[in-house]
Amino acid sequence: MEATGTDEVEKIKSKFMSAWHNMKYSWVLKTKTYFSRNSPVFLLGKCYHFKSDGMYIALFSFHFDDINTEISGNVEEFRKDFISRIWLTYREEFPQIKGSALTTDCGWGCTLRTGQMLLAQGLMLHFLGRAWIWPDALDIENSDSESWTTHTVKKLTASFEASLTAEREAKILSNHHKRTLKGNCGDNEMRNEVYHRKIISWFGDSPLAAFGLHQLIEYGKKSGKIAGDWYGPAVVAHILRKAVEEARDPELQGVTVYVAQDCTVYSSDVIDRQCSFMDSEKADTKAVIILVPVRLGGERTNMDYLEFVKGILSLEYCVGIIGGKPKQSYYFAGFQDDSLIYMDPHYCQSFVDVSIKDFPLESFHCPSPKKMSFKKMDPSCTIGFYCRNVQEFEKASEEITKMLKSSSKEKYPLFTFVKGHSRDYDFASSPLHEENYLFSEDEKKTLKRLSTEEFVLL
């Protein structure tokens with residue numbers, strides 16, 4: 001009888017926590033973001049100009065009457081590009097995570113979500129290319145249409161009702177979602193839409209999704225992490241690498257991930273990964289997503305690194321930065337002046353079953369960018385690049401090396417590219433194929449060390 005009473009208390013606590021998380025994380029999109037009209041805006045290697053007579057424009061709070069046609073067009077191009085990026089946030093009511101009672105990642109999963117966003121951008125470059133734009137981007141509902149208090153009360157009430165009655169309301173698809181795959185689309189648009197949905201489905205919140213939260217947590221267990229723990233940017237980089245290695249979808253066999261060791265990218269190790277396990281009759285090599293965990297200073301971010309970070313985000317093969325500010329992780333995707341543009345995972349949304357045909361896409365695309373001063377950035381972060389083949393990797397390494405040398409005011413650059421293998425420098429090189437374990441002993445030690453160095457996330 002006592003056990004039954006304890007179970008009831010735990011259920012009530014869970015309901016209150018769910019309601020609290022909905023209230024806490026449902027209003028974060030309600031602030032307006034202002035962009036200067038006199039400075040270029042960079043988003044993952046693309047540059048946009050809003051130059052006009054006025055000083056500032058509040059994007060996503062739209063009043064275009066005083067903006068000339070040319071500027072308005074450029075604003076819309078930026079909007080379409082930004083909204084087309086895949087946005088992965090806190091979710092609730094997804095299938096229970098193995099080994100826990102958790103059905104939400106609110107309050108602890110933000111770095112895993114920002115890692116997912118970075119990997120998603122890499123896969124979008126691989127399958128869709130940087131020029132791809134979601135055709136329905138401008139149809140997405142603007143979150144500023146409601147005040148945050150109204151939105152929060154609605155979400156809080158709905159959450160309480162759903163949790164107490166154990167019922168889930170059926171989702172109503174929007175008109176533009178129903179139009180997505182109409183038969184009059186061109187073949188190329190149809191192909192792109194298939195990959196668009198497939199990429200999102202790989203990040204679904206279910207145990208079978210290749211890069212879903214459930215799988216990432218399973219890989220994290222090998223480094224001593226469990227659901228509900230905080231994860232740092234470097235730990236997430238290694239988890240993403242393992243997730244891509246273990247993915248069984250044939251479409252993903254042409255992609256690999258390399259994680260830099262001690263701020264060093266060993267070129268021969270990268271090329272070995274690109275050339276590994278490929279059909280010997282094929283001349284093509286694997287595409288590689290290079291992840292470089294770095295620190296941009298000691299306790300605080302060193303402003304000397306600002307120009308380098310801006311230079312990195314100006315490259316089209318950059319897939320973003322897993323970073324944030326103390327206690328919160330963000331996905332940095334661009335900048336204007338000395339402010340970084342980011343996507344925020346701290347927004348609690350309902351579970352979407354991506355296994356259903358024509359599942360709704362709206363909640364996977366962010367309607368509003370956010371900006372943050374570079375000096376507020378936590379120094380611990382992971383930088384990502386995508387290279388389609390060995391030739392692109394060699395070109396990128398040369399370009400980034402020049403950028404590192406020109407931007408470094410210190411004796412040593414932030415990270416380096418060196419010739420040869422890591423084993424040539426007496427460092428343990430993690431094997432390309434691990435049959436009986438997911439992380440080698442050296443990797444486990446590295447992950448344990450990284451876990452103690454990085455910031456705690458809420």
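## Handedness first

A crossing of two helices is left-handed if the near helix is turned anticlockwise from the far one by less than a right angle, and right-handed if clockwise.

## The model at a glance

This is a predicted model, where local features need pLDDT of at least 70 and side-chain atom pairs count only at pLDDT 80 or more, while totals for chains, interfaces and linings use all residues. Residues are numbered from 1 along each chain as its sequence is written, and side-chain values use heavy atoms, with hydrogens and water left out.

The protein has 12 helices and 15 strands; these are DSSP runs numbered from the N terminus, with helices being H or I of at least four residues and strands E of at least two. Of its 458 residues, 53% count as buried, meaning under 20% relative accessible area, with exposed over 50% and partly exposed in between (1.4 Å probe, protein chains only). Take the contacts (heavy atoms within 4.5 Å) with a separation of 6 or more: residues 24 or more positions apart account for 76% of them.

## H3 and its helix partners

Two packed helices are described by the angle between their axes and the distance between the axes. For H3 (110–127) and H6 (residues 187–202), the axes come within 10 Å and cross at roughly 155°. Axes here are lines fitted to C-alpha atoms, for helices over the stretch in contact, and angles run from 0 to 180 degrees between N-to-C directions. H3 and H6 are therefore roughly antiparallel to each other, on a scale where angles under 35 degrees are roughly parallel, over 145 roughly antiparallel, 65 to 115 roughly perpendicular and the rest oblique. The crossing of H3 past H6 is right-handed.

On the H3 side, Ala120, Leu123, Met124 and Phe127 meet Arg191, Tyr195, Ile199 and Trp202 of H6. That contact divides into seven nonpolar residues, no polar ones and one charged. For the bookkeeping, Ala, Val, Leu, Ile, Met, Phe, Trp, Tyr, Cys and Pro count as nonpolar, Asp, Glu, Lys and Arg as charged, and the others, Gly among them, as polar.

H7 (residues 213–221) has Leu213, His214, Leu216, Ile217, Tyr219 and Gly220 buried. The buried residues of H7 pack against H3 and also against H8 (233–246).

Thr114 sits in H3 and, at 0% relative accessibility, counts as buried. Beyond neighbours within four places in sequence, Thr114 is in contact with Ile322, Ser329, Tyr330, Tyr331 and Pro345.

Strand S9 (residues 318–325) has seven of its eight residues buried, so it is largely enclosed by the rest of the structure. S9 pairs with S10 (residues 328–336) in the antiparallel sense over five bridges; two strands pair if DSSP finds at least two bridges between them. Gly323 stands opposite Tyr330 in S10, and in the hairpin, with two residues between the strands, Lys327 takes a positive phi near 80°.

## S14 and S8

S9 also runs antiparallel to S14, joined by four bridges, with Ile322 opposite Thr382 in S14. S14 (residues 380–387) is joined to S8 by eight bridges, again antiparallel, and here Pro293 stands opposite Thr382.

S8 (residues 287–295) is mostly covered, with eight of its nine residues buried. S8 pairs with S6 (residues 255–259) in the parallel sense over five bridges, and Thr256 stands opposite Val288 in S8.
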